[in-house]
Amino acid sequence: MFGNCRHGSGPAVNMFSSPFAASQNRAYFFDFYFAAAGPIHSVLRMSPDKTALRAAIIAQLRADLALQIRAAQLARDEATSEESRAENKYDTHSQEAAYLAEGQARQAAEVEESITLYQSMPLPDFSAADAAALGALVEVGAGARSTWYFLGPRAGGLELTANGQSVLVLTPQSPLGRQLFGRHVGDTVRPPGRNAAEHRIVSIR
């Protein structure tokens with residue numbers, strides 16, 4: 001069908017008679033085909049890989065843990081140093097440093113718990129009929145744009161990249177996370193923000 005064409009009353013011409021012509025016309029054919037079939041990104045769109053995403057979350061949490069441990073150690077050293085010894089009853093520098101060290105140690109313990117949770121949590125495959133739950137990748141769209149969210153137990157607000165897609169971690173306690181948990185493909189949600197438009201759940205994986 002696409003191999004020969006006739007110009008006016010002249011003989012049929014083979015459109016693929018040379019590699020260059022073949023390449024040009026194949027490109028034209030595929031442009032024409034996908035223009036008729038719809039946007040090519042709807043055919044080739046790739047979802048983030050959940051295993052790679054979890055590894056990225058754990059790596060980020062470990063980096064945060066190292067910073068928290070270092071900060072707690074510095075605050076503890078400051079609280080116990082000779083220079084921080086109180087010179088009078090109004091000097092609370094040492095006490096404040098001790099409180100700071102205690103708070104940072106508590107935050108480090110919470111990060112360690114988050115790492116343990118992510119290491120042990122299952123990553124189930126969700127079908128089109130399943131409701132969004134922990135371990136789900138949820139694609140939410142409005143118009144031609146879409147955003148990926150990962151529903152996790154901790155570390156809400158982390159933004160990472162997997163398979164070239166940007167993914168934001170949401171927990172059940174976050175405003176949008178509360179809306180997404182238990183919802184299905186086709187349901188609508190409204191992201192936080194003044195005058196935010198409704199978004200539709202495109203996929204759950």
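Two strands are taken to pair if DSSP finds at least two bridges between them. Helices (H or I, at least four residues) and strands (E, at least two) are DSSP runs, numbered from the N terminus. The structure is a predicted model, in which local features need pLDDT of at least 70 and side-chain atom pairs count only at pLDDT 80 or more, while totals for chains, interfaces and linings use all residues. Residues are numbered from 1 along each chain as its sequence is written, and side-chain values use heavy atoms, with hydrogens and water left out.

The model contains an open sheet of 6 strands with mixed pairing, in the order E5-E6-E4-E3-E8-E7. Its edge strands, each pairing on one side only, are E5 (159-162) and E7 (188-189). Strand E7 runs antiparallel to E8 (residues 199-204), and 2 bridges join them. Within this pair, Thr188 stands opposite Arg200, and Val189 is placed opposite His199. Strand E3 (residues 137-142) is also antiparallel to E8, to which 4 bridges join it.

A nonpolar core is defined as a set of buried Ala, Val, Leu, Ile, Met, Phe, Trp, Tyr and Cys residues joined through side-chain atoms within 4.5 Å. Buried means under 20% relative accessible area and exposed over 50%, with partly exposed in between (1.4 Å probe, protein chains only). The largest nonpolar core has 19 residues, and those with the most contacts inside it are Leu53, Ile57, Leu61, Tyr118, Phe150 and Leu158. At least two residues of this core are supplied by each of helix H3 (50-80), helix H4 (93-120), strand E4 (145-151), E5 and strand E6 (165-170). Helix H3 gives the largest share, 5 residues. A second, separate core comprises 13 residues, including Ala132, Leu151, Leu180 and Ile204. In soluble globular proteins, nonpolar side chains tend to be buried together.

Contacts (heavy atoms within 4.5 Å) were also listed for Tyr118. Leaving aside neighbours within four places in sequence, Tyr118 is in contact with Arg54, Ile57, Ile58, Leu61, Phe150, Gly152, Pro153, Arg154, Ala155 and Val169.

Ala155, one of these contacts of Tyr118, is found in the loop between E4 and E5. Although Ala155 is not a glycine, its phi is positive, at about 65°. Most residues other than glycine have a negative phi. Asn163, in the loop between E5 and E6, likewise has a positive phi, near 55°. With 42% relative accessibility, Asn163 counts as partly exposed.
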